[in-house]
Amino acid sequence: MTTTTSARAAEAPATDRRGILLVFVGLMTAMLLSALDQTIFSTALPTIVGELDGVDHMLWVTTAYILAATIMMPVYGKLGDLIGRKSLFMIAIGLFMVGSVVGALSGGMTELIVGRAIQGLGGGGLMILSQAVIADIVPARERGKYMGLMGGVFALASVVGPLLGGWFTESIGWQWCMWINVPLGLIAMASVAIFLHPAPRDRAKPRLDIAGMALIAIASASLVLFTSWGGGQYEWTSPVILGLVALTVVAGVAFVLVERRAAEPIMPLEMFKHRNFNLTTAAGLLMGIAMFGTLAYMPTYLQMVAQVDATTAGLLMIPMMGAMLPTSIIVGRTVSRTGRYKVYPIVGAVIIAVAMFLLSTMSATQPIWVTCTYLAIFGMGLGLQMQVLVLIVQNTFPLSMVGTATAANNYFRQIGASLGAAVVGSIFTNNLIELLTERVPGGASSLGDANSLTPEAVTELPQQAQDIIVGSYNDALTPVFLYIVPLALLALVLLMFVKEVPLRTTLERDAVPEALDVEGAYLDESDAQADADADRDGDRREPAVV
């Protein structure tokens with residue numbers, strides 16, 4: 001590592017409670033920007049793609065953002081550890097606002113997708129840097145309550161986003177889904193500039209892992225492309241899809257080989273020697289598929305099947321936030337008070353599996369309150385585990401690696417999000433076209449241009465045609481939720497093997513945990529550090545044995 005020994009040995013500067021809260025305001029605003037942009041298009045999307053004649057490119061409005069954010073996460077995480085986070089934060093917010101302006105001024109799907117991709121280049125940094133800064137200034141034992149509030153930001157965005165998207169679409173125009181990011185971005189940038197005062201760092205020029213950055217970008221892009229195009233735009237056995245699969249494998253293998261020799265690897269392979277990191281990262285990937293696959297298409301489902309307007313569709317997502325927000329906050333505060341955390345993501349995985357099964361049973365004639373109840377159950381499951389998984393990862397590594405570790409964990413969660421949005425979108429779109437072709441007399445072409453099919457256009461069709469379209473939307477999407485149930489159950493199994501290492505109570509940068517086998521027990525240096533802290537607090541706990 002290029003970080004100097006003295007910098008590693010020094011403890012993070014003590015920050016009083018008022019200073020932490022002021023920094024936290026800026027971090028929450030930045031995270032709200034990132035989280036809001038992943039949800040605000042959900043209710044506006046049917047109208048947007050209808051106006052721009054691009055239903056066949058609908059999934060890319062979501063996937064372009066997620067893919068760009070995913071690629072940039074490891075970059076922001078590593079650079080933050082090497083050179084500090086404040087300047088990177090400002091760059092990330094600036095990129096996000098530039099992408100928003102490009103998207104707001106777009107006159108076609110291509111420009112809109114480009115704008116969303118630029119937003120993603122900044123958005124990936126907003127999430128990672130916010131989580132890493134909190135780790136810099138708050139010990140792990142106290143961090144739970146702050147992480148719980150951050151989880152609440154995602155809950156808030158999951159409802160406010162669709163609601164704002166619907167209101168903008170029906171009033172001043174969907175372009176304001178982009179324009180709103182400019183004033184919010186300026187607020188976030190001012191908060192970061194004024195309140196974030198990081199400790200001085202070594203000014204030595206960092207040795208960047210350019211090859212690693214390029215290879216992880218290629219592997220990520222090719223993975224999402226073949227999952228998005230496969231079975232739809234191209235046959236699974238087509239040369240394009242097979243070529244993308246091969247490129248994913250080759251780039252992935254090359255990335256591993258490069259990381260083994262890099263002086264400052266963007267994703268150090270040593271991280272994968274830690275069981276807790278591997279288990280929580282794999283579980284986060286699986287949960288990312290469930291979360292973003294659901295959030296991306298549920299508001300569209302409500303507009304088409306329940307035949308409500310975009311604003312009402314956003315309001316119908318409130319039960320999910322109403323369950324997720326308090327659950328996340330209560331769990332965070334409980335973790336900080338008790339130091340125990342393993343049980344929460346396990347219970348969360350069970351609840352998510354139940355919610356996915358219930359969503360798969362939805363029908364076109366089902367009362368809306370039943371659907372809202374299912375969404376509330378889903379929100380409760382997410383609130384139990386989202387931020388706890390990040391906390392487990394951060395507690396596994398020293399502060400000198402917290403940005404890199406947090407970024408790697410979120411990277412794989414976002415890979416799950418990319419796969420979730422892409423796979424759910426591909427299966428849903430293919431199912432919908434197939435069902436419309438089978439059920440509509442004369443084929444789907446008799447409805448006009450399928451790419452211009454909006455909720456408003458459906459309501460103007462004869463009742464028989466409306467019933468066919470509504471039934472097709474329902475039958476195209478609900479089976480996908482059932483496919484997610486086994487993924488949630490697999491995450492449950494993985495999380496049961498997480499080792500509950502006591503949470504640190506200090507902000508020392510020089511402790512580097514290493515896995516040790518001691519008489520058959522799994523012992524981490526973080527255990528020793530936590531035990532020493534517990535001795536000082538008069539609350540000694542024995543290392544857990546698995």
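Q: Among contacts in the chain between residues at least 6 apart in sequence, what share joins residues at least 24 apart?
A: This is a predicted model: local features need pLDDT of at least 70, side-chain atom pairs count only at pLDDT 80 or more, and totals for chains, interfaces and linings use all residues. Residues are numbered from 1 along each chain as its sequence is written, and side-chain values use heavy atoms, leaving out hydrogens and water. Contact means heavy atoms within 4.5 Å. Among contacts between residues at least 6 apart in sequence, the share joining residues at least 24 apart is 83%.

Q: How many helices and strands does the chain have?
A: Helices (H or I, at least four residues) and strands (E, at least two) are DSSP runs, numbered from the N terminus. For this chain the secondary structure comes to 20 helices and 2 strands.

Q: What percentage of the 546 residues counts as buried?
A: Buried means under 20% relative accessible area, exposed over 50%, and partly exposed in between, with a 1.4 Å probe and protein chains only. Of the 546 residues, the buried part is 60%.

Q: Are H15 and H19 roughly parallel or roughly antiparallel?
A: Axes are lines fitted to C-alpha atoms, for helices over the stretch in contact, and angles run from 0 to 180 degrees between N-to-C directions. Angles under 35 degrees count as roughly parallel, over 145 as roughly antiparallel, 65 to 115 as roughly perpendicular and the rest as oblique. The axes of H15 (residues 343-360) and H19 (residues 463-495) come within 8 Å and cross at roughly 165°. H15 and H19 are therefore roughly antiparallel.

Q: How many charged residues are in the contact of H15 with H19?
A: The H15 side includes Pro 345, Ile 346, Ala 349 and Val 350, and it meets H19 residues including Phe 481, Leu 482 and Val 485. Ala, Val, Leu, Ile, Met, Phe, Trp, Tyr, Cys and Pro count as nonpolar, Asp, Glu, Lys and Arg as charged, and the others, Gly among them, as polar. The contact has 17 nonpolar and 2 polar residues; the charged count is none.

Q: How far apart are the end C-alpha atoms of H15?
A: The expected span of a helix is 1.5 Å times one less than its number of residues. H15 has 18 residues and should span 26 Å, so the model agrees with an end-to-end C-alpha distance of 26 Å.

Q: How many of the 18 residues of H15 are buried?
A: Ser 360 of H15 counts as buried at 16% relative accessibility. Leaving aside neighbours within four places in sequence, Ser 360 is in contact with Thr 478, Phe 481 and Leu 482. H15 is largely enclosed by the rest of the structure, because the number of its 18 residues that are buried is 13.

Q: What is the relative accessible area of Asn 474?
A: Asn 474 sits in helix H19. Not counting residues up to four places away in sequence, Asn 474 touches Tyr 301, Val 305, Met 362, Ser 363, Ala 364 and Pro 479. Asn 474 is buried, with a relative accessible area of 4%.

Q: How far apart are the axes of H12 and H16?
A: H12 (residues 275-305) and H16 (residues 368-396) are roughly antiparallel. Their contact uses residues including Met 287 and Met 291 of H12 and Leu 382 and Leu 389 of H16. By class it divides into 13 nonpolar, 7 polar and no charged residues. The helices pack at an angle of about 150°, with an axis distance of 10 Å.

Q: How many charged residues are in the contact of H5 with H9?
A: The axes of H5 (residues 86-104) and H9 (residues 181-195) come within 9 Å and cross at roughly 170°. The contact includes Lys 86, Phe 89 and Ile 93 of H5 and Val 182, Leu 186 and Met 189 of H9. Its classes are 12 nonpolar and 4 polar, and the charged count is 1.

Q: Is Ala 104 buried or exposed?
A: Ala 104 lies in helix H5. Beyond four places in sequence, Ala 104 touches Gln 175, Met 178 and Trp 179. At a relative accessible area of 7%, Ala 104 is buried.

Q: What is the C-alpha to C-alpha distance between Ile 40 and Phe 168?
A: Ile 40 lies in the loop between H2 (17-37) and H3 (41-51). Ile 40 is buried, with a relative accessible area of 1%. Among the residues it contacts beyond four places in sequence are Pro 162, Leu 164, Phe 168 and Cys 177. Ile 40 and Phe 168 are 128 residues apart in sequence, and their C-alpha to C-alpha distance is 9.7 Å.
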